[in-house]
Amino acid sequence: MIVLPTESFSNYVEHPLVRRLYLTDVGFFPCAEHHYREREDGIDEYIFIFCTEGRGTIIVEGKEYTLHENEAFCIPRFRGHRYFASEDDPWSILWVHFKGEDTCYFPIEDCQVVAFTTQHATNRMHFLFDLLFRVLEGNYTLGNFIYISQVLSLILAETYHREKSNSTLEQNKHVTNVVKYMYGHLDENLTLDQIVEEFDLSKSYLNAVFQKYTQHAPMDFFINLKMKRACELLRSTDTYVYEVAQRLGYSDPYYFSRIFKRVVGMSPSEYKHSDYFHYKE
C-alpha cells in the first residue's frame with residue numbers, strides 16, 4: 001500500500017495536468033483473507049477496485065455487489081459502504097483512491113460491475129497498475145505526478161470507455177438478427193414483447209443496443225422500415241394507398257396515413273404523385 005502525500009505537494013496537485021485526475025492511495029492486497037473495510041459516511045475519494053482472483057462483496061448504501069476475478073468496481077465518494085473478501089475464496093485486489101476534475105467524464109457514480117472478458121484486457125490492467133507502482137517507487141516530482149495522473153486516466157478509460165470486443169460483437173449480432181427478423185415481418189404488427197420473446201432478450205437491453213447502433217428505439221426503427229417499404233410500393237407500383245396499408249399490416253388506412261405523414265413528412269397520396277424520392281430520417 002502506498003499513500004501519496006498530496007498535502008505536502010499541494011502545488012503539484014493544482015497543476016492543470018494533475019488536478020484533472022490524481023490518486024491519493026494505491027495498493028495490492030493478495031489473497032486478502034479476512035479483509036474488511038466499513039465507512040458509514042464514505043470518504044472524500046473514489047475507490048476503484050480491480051479483482052485479480054477470488055471474489056468479494058461490496059455494499060454501497062445497502063445495495064450488494066459481488067466482485068469476481070477480472071472484474072472492477074468503483075465506489076463513489078461520500079457514499080456509505082463496506083466491502084470484504086469471500087471466506088472460502090478470498091479476493092486479491094488492485095485498488096486506488098482518487099479524485100479530480102475529470103471524474104465527471106467516467107460513469108463512476110453508477111455503481112456498476114465491469115467485467116474484463118479477454119486476457120489482453122486483463123493484461124493491460126496489470127500493466128497499468130504496475131506502471132503506477134514503478135513510478136511511485138521513484139521521487140515525488142511534478143513530472144511523476146503528471147505521469148501518474150495520465151496512467152490513472154488510462155485505467156479508467158480501459159475500464160469504462162474502451163470497447164469490449166466480445167460484447168460489441170454480441171451486441172452487433174443481436175441488432176443484426178432483430179433487424180433481419182423485422183424485415184421478414186414487415187407485413188405484421190410486431191410488438192416489442194414479441195421481439196424480446198423471440199430472441200430471449202430483455203426490453204432494456206434491446207432498447208439500449210438499438211439506441212447505440214441505430215439511434216432509434218426498436219419499434220421506431222421497425223416503423224421506419226415499414227414506411228421505407230411503403231415509399232417503395234407507392235412509387236414503383238400502381239398499388240392504392242389502402243392496399244399498401246394492408247400489405248404492411250395496417251387494417252386502418254387512415255391510421256397508416258397518419259403514421260406515414262409523421263415519418264415521411266407528407267401524406268401517402270402526396271408522396272405517390274410528387275417528385276420526392278426520400279423520406280426524412
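A nonpolar core is a set of buried Ala, Val, Leu, Ile, Met, Phe, Trp, Tyr and Cys residues that are joined through side-chain atoms within 4.5 Å. With that idea in hand, we can walk through this structure, which is a predicted model.

Let us start with the chain as a whole. Its secondary structure comes to 10 helices and 10 strands, and its C-alpha atoms fill a box of roughly 80 × 45 × 35 Å along the principal axes. The radius of gyration of the chain is 27 Å, whereas a compact globule of 281 residues would have a value near 19 Å. The chain exposes about 15200 Å², of which carbon and sulfur atoms supply 49%.

We can now turn to the interior. In soluble globular proteins, nonpolar side chains tend to be buried together. The largest nonpolar core here has 38 residues, and those with the most contacts inside it are Leu23, Phe48, Phe98 and Phe129. Two or more residues of this core come from each of α1, β2, β4, β7, β9, α2 and α3, and the largest share, 9 residues, comes from α2. Apart from this core lies another, of 34 residues, which includes Leu201, Ala230, Leu233 and Phe260. Returning to Leu23, and leaving aside its neighbours within four places in sequence, we find that it is in contact with residues including Leu4, Val96, Phe98, Leu132 and Ile148.

The cysteines are the next topic. A disulfide is a covalent bond between the sulfur atoms of two cysteines, and a search of the whole structure finds 0 of them. The sulfur of Cys31 has its closest cysteine sulfur in Cys51, 10 Å away, which is too far for a bond, since a disulfide needs the two sulfur atoms within 2.5 Å. In the same way, the sulfur of Cys74 is 8.2 Å from the closest cysteine sulfur, in Cys111, and this is also too far. Cys74 counts as buried because its relative accessibility is 2%.

Finally, consider the backbone. Most residues other than glycine have a negative phi. Asn70, however, has a positive phi, near 65 degrees, and Asp200 likewise has a positive phi, near 55 degrees. Asn70 is placed in the loop between β6 and β7, and with a relative accessible area of 18% it is buried. Asp200 is placed in the loop between α5 and α6, and with a relative accessible area of 69% it is exposed. A case between these two descriptions is Asn177, which is found in helix α4 and is partly exposed, with a relative accessible area of 31%. The C-alpha atom of Asn177 is separated by 8.7 Å from that of Phe199, although the two residues are 22 residues apart along the chain.

Notes
Residues numbered from 1 in each chain as written. Predicted model: local features only at pLDDT ≥ 70, side-chain atom pairs only at ≥ 80, totals over all residues. Heavy atoms only, no water. Buried < 20%, exposed > 50% of the residue type's maximum accessible area, 1.4 Å probe, protein only. Helix = DSSP H or I, 4+ residues; strand = E, 2+ residues; numbered from the N terminus. Contact = heavy atoms within 4.5 Å. Rg over C-alpha atoms; globule rule 2.2 N^0.38 Å. Areas by Shrake-Rupley, 256 points an atom, 1.4 Å probe, with all protein chains shown as cover.
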